[in-house]
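Reader: Hi! Could you walk me through this one? I have the sequence and the fold open on my screen.

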Amino acid sequence: MHIEDEHTKDKHNVEMHIAGTHIKETDIKETDTLLFIGDSITDAGRDRTNSASLGSGYVREIARTLHDRASGGSGPAVINRGLNGNRVYDLEARWTTDVIDLRPTVVTVKIGINDTWRRYDRGIMSPVDEFEACLDRLLADTARKLSARLVVITPFLLPVTAEQEDWFEDLTPRTEAVLRAATANNAQLVRADLALRHAAEQHEAAELARDGVHPSPAGHRIIADAWLDAVGSAAAVPDPRR
């Protein structure tokens, strides 16, 4: 199946596949600022010369949905600070300027796949215990300095080659570390790994992520819907003070 030829139909099918997902109410207000930070999956080709650019991935899909469901308003402000190739240590190096200084009220972190990938393509190790400690520091620091609502998206892999199957030796314990760090810091969890794996039961992996890592438009929509289900996708609640 050619992704390009079947894209529109496949995206519709995937969306229908998860259309029955329960939607939770949200306490996100139109005055909230939602900040997303992570690797290329979050970056999604955003224009880094334009601070308002959201890229073409799940962040834009979330922003569009919240805008469409806002009650007479524009929805909460959304900031994308994803950056291609980032590992957790890269996030730590820019956390103050790209997160703390922007004073968001909801911070979503998606990181981990590059910490695994670099082991297999460049021999660069990211020990799971060090990875977990770094992520824990970032979440704890954010909660302490901003009192922000924390959201963590799990890393994922949809193998499209036999070699990628071996990556789970590193990725599985890393995902468990992400879950522990999120739980320890009272962060809401978005199980992108489970949502995409579930969708892959009815669709070829390459339809959702051509290289097993970077989502197609349909894959990004699945991540967006998983976030909306976990965090809340009802219309943004108007701030009663306004």
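Reader: Is T49 buried or exposed?

Author: T49 is exposed, at a relative accessible area of 75%. Exposed means over 50%, buried under 20% and partly exposed in between, with a 1.4 Å probe and protein chains only. Bear in mind that this is a predicted model: local features need pLDDT of at least 70, side-chain atom pairs count only at pLDDT 80 or more, and totals for chains, interfaces and linings use all residues. Residues are numbered from 1 along each chain as its sequence is written, and side-chain values use heavy atoms, with hydrogens and water left out.

Reader: Thanks! Where is T49?

Author: T49 sits in the loop between α2 (40–43) and α3 (58–69). Helices here are DSSP runs of H or I with at least four residues, strands are runs of E with at least two, and both are numbered from the N terminus.

Reader: And which side chain does T49 have a polar contact with?

Author: That of D47, at 2.6 Å. A polar contact is a pair of N or O atoms within 3.5 Å; within protein, one must be able to donate a hydrogen and the other to accept it, and residues adjacent in sequence count only if both atoms are side-chain atoms.

Reader: Switching to N80, is that one buried or exposed?

Author: N80 is buried, with a relative accessible area of 0%. This residue belongs to strand β2 (residues 77–82).

Reader: What about β4, how many of its residues are buried?

Author: Four of the five residues in β4 (residues 149–153) are buried.

Reader: Which strands does β4 pair with?

Author: β4 runs parallel to β3 (residues 106–110), joined by five bridges, and parallel to β5 (residues 188–190), joined by three. Strands pair if DSSP finds at least two bridges between them.

Reader: Nice. Last stop, α9: which residues are buried there?

Author: A192, D193, L196 and A199 are the buried residues of α9. Seen down the axis of α9, they fall within an arc of 135°, taken from the directions from the helix axis to the C-beta atoms, so they line one face of the helix.
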